[in-house]
Amino acid sequence: MPGGRRNAKSSSFKHHHAHVSDDRKAHDLPKQPQVVPPKHIPLPDVPPSSEFYFELDAFLLSVFAMTGQYINLYRNVFWLPHSYNDHYINYYLVDYYVLAINLIMVGRRLPVCLLKQVCSLCFPSSYQSMYTLCINILTVISLVPVLLYCFYNVIMEHGYLTIIFLIYPFVVYVVVLGTNITKFLELKVPVPERAPVTRTKGGGAISKSSSTVNHVCSMSAETIREEVETLRNDFNNRWEQVLFNSFLVVYHSSFLPCYFAQNALHFDVHSAIQHGVLTGFGCLILYLTHCFPSKYCDVLHRAALHLGRWQRIEIKNVHVPFSTWTESAMWNQGALVKHSKELFKAEGIANAAEPGNIRHSKFFFLFKNPAVAVQSIWLLQVLLILAEVIIIAKCSGHWNEYAPVQLQIMIPLKLIYRTTKVCFVTKRIYKEESELITRFSN
């Protein structure tokens, strides 16, 4: 009967519609509203210290730390009436070969930076890569024979097992930073080896420089993820440089002088350990403020706003509509997508991240508000200065207790003004940007 056929067709259509509804295909759902890129507030120009002045500060901090440790070890009681020594330190007990090794290792970048500054004044910028390579080769040729000669004399004096402690920093360097000698002689290395290309709205292409870190506002999800991956690798490289160089200063300015001290020498172990801890925090703050300036953190912050984040959710209502995540699509805030058989909700104002990608989630969490990191560094620096002031106040009155801490506090006091200014500027800027984004999203 015709009526029966119509009922069968209607029943078949309802069954097919229910099946599609259960599968929840993307084309059956309403289209997502257009994603508007997040708004950025430009940071005021707070230029960091130049490379040469930073290298000079880093070298002075290392020398001050080394001098303080040698004062802890070889101080002299010259003020006693029957003392036959008029010097502040027993210089004859110092192993000058160990001292030369320590000075070369903590000051290796300063002559390289100085020669680069001179060459930049004499040659055009097109020759930069050429004269940088020549300077690195000249530095290696000059320092390696001196280090080998000092190593030989130290081993002859203290035994063959000491070679383990002499080559240990080089082993750490190979494990952490690889075999590239450039990273050993220069703190900042070129950012990407393969520069990504960003497409603008007009269809033009913007190629990133291989020596600078830039951000280009784009609504291409694939371009944003590629940019974030480049920035993430650069951030990891800088963080490894900070940790390795801080370790190297502590090792050569605090540990090796104690290790190669004479067996019959008695010194205050507590003061030596305290000196090493203060040196480590001072170096860490110095390298953090230089390797992660406010402009660099702002670039990471802008990329994080475009990247967004997905939050894994569990919905008991099976009829909640969602879309299937695609690599080329941008998603607005609050969008529900399905990826790898799981449901995710978009949390950023614009979302290009891959749902369930832990690297994208960490990147957004770290850089959605860089003011927190800047404030943490500033707070750490303030606590370091307060700790050093308290140690000076509690000293018993001997000059050898005052001098090491007074030497260590000089560089942090020099940096505290710049760090304070950057801290309050970034806090104000990112607070206003957050309020702007909140009003815009609502």
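In the predicted model, β4 pairs in the parallel sense with strand β6 (residues 336-339) over two bridges, where strands are DSSP runs of E of at least two residues, helices are DSSP runs of H or I of at least four residues, and both are numbered from the N terminus; two strands are taken to pair if DSSP finds at least two bridges between them. Within this pairing, K338 of β6 is the bridge partner of T324. Both strands belong to an open sheet of four strands with mixed pairing, in the order β3-β7-β6-β4. The edges of the sheet are formed by β3 (310-313) and β4 (323-324), each of which has a single partner strand, so that one side of each is left without a neighbour in the sheet.

Residues are numbered from 1 along each chain as its sequence is written. Because the model is predicted, local features require pLDDT of at least 70 and side-chain atom pairs count only at pLDDT 80 or more, whereas totals for chains, interfaces and linings use all residues, and side-chain values use heavy atoms, with hydrogens and water left out.

The protein chain contains 14 helices and eight strands. Of its 442 residues, 43% are buried, a term that denotes under 20% relative accessible area, with exposed meaning over 50% and partly exposed in between (1.4 Å probe, protein chains only). Among the contacts in the protein chain with a separation of 6 or more, 75% are accounted for by residues 24 or more positions apart, a contact being defined by heavy atoms within 4.5 Å.

The largest nonpolar core has 49 residues, of which Y287, F292, W310 and F363 touch the most other members; such a core is a set of buried Ala, Val, Leu, Ile, Met, Phe, Trp, Tyr and Cys residues joined through side-chain atoms within 4.5 Å. Two or more residues are given to this core by each of α2 (51-74), α8 (221-259), α9 (269-291), α10 (294-307), β7 (342-346), α11 (358-367), α12 (370-393) and α14 (410-441). A second, separate core comprises 37 residues, including L147, L185, F244 and A261. When residues up to four places away in sequence are not counted, W310 touches W325, W331, A335, V337, F344, K345, A346, N351, A353, E354 and P355.

Helix α10 has 14 residues and reaches 20 Å from its first C-alpha to its last, close to the 20 Å expected at 1.5 Å a residue, the expected span being 1.5 Å times one less than the number of residues. Since 13 of the 14 residues of α10 are buried, this helix is largely enclosed by the rest of the structure. The helix is followed by G308, whose phi is positive, near 75°.

The UniProt annotation "transmembrane region", taken from an unreviewed entry, covers residues 91-110, 131-154, 160-178 and 371-393; UniProt positions are given in the numbering used here, feature names are shortened, and annotations may be inferred rather than shown by experiment. In the model, residues 160-178 are 84% helix and 0% strand, with their end C-alpha atoms 26 Å apart, while residues 371-393 are 100% helix and 0% strand, with their end C-alpha atoms 33 Å apart.

A search of the whole structure finds eleven salt bridges, each defined by a side-chain nitrogen of Lys or Arg within 4 Å of a carboxyl oxygen of Asp or Glu. One of them joins the side chains of K414 and D57 (3.0 Å, N to O); because K414 lies in helix α14 and D57 in helix α2, this pair ties together parts that are 357 residues apart in sequence. D57 counts as buried, at 7% relative accessibility.

The side chains of E186 and K116 also meet in a salt bridge (3.3 Å, N to O). E186 lies in the loop between α7 (182-185) and β1 (197-199) and K116 in helix α4 (residues 109-122), so this pair ties together parts that are 70 residues apart in sequence. E186 is buried at 9% relative accessibility, and K116 is likewise buried, with a relative accessible area of 14%. A network of salt bridges links E51, K116 and E186.

A further salt bridge is formed between the side chains of R359 and E229 (3.6 Å, N to O). With R359 in helix α11 and E229 in helix α8, the pair ties together parts that are 130 residues apart in sequence. R359 counts as partly exposed at 39% relative accessibility, as does E229 at 25%.
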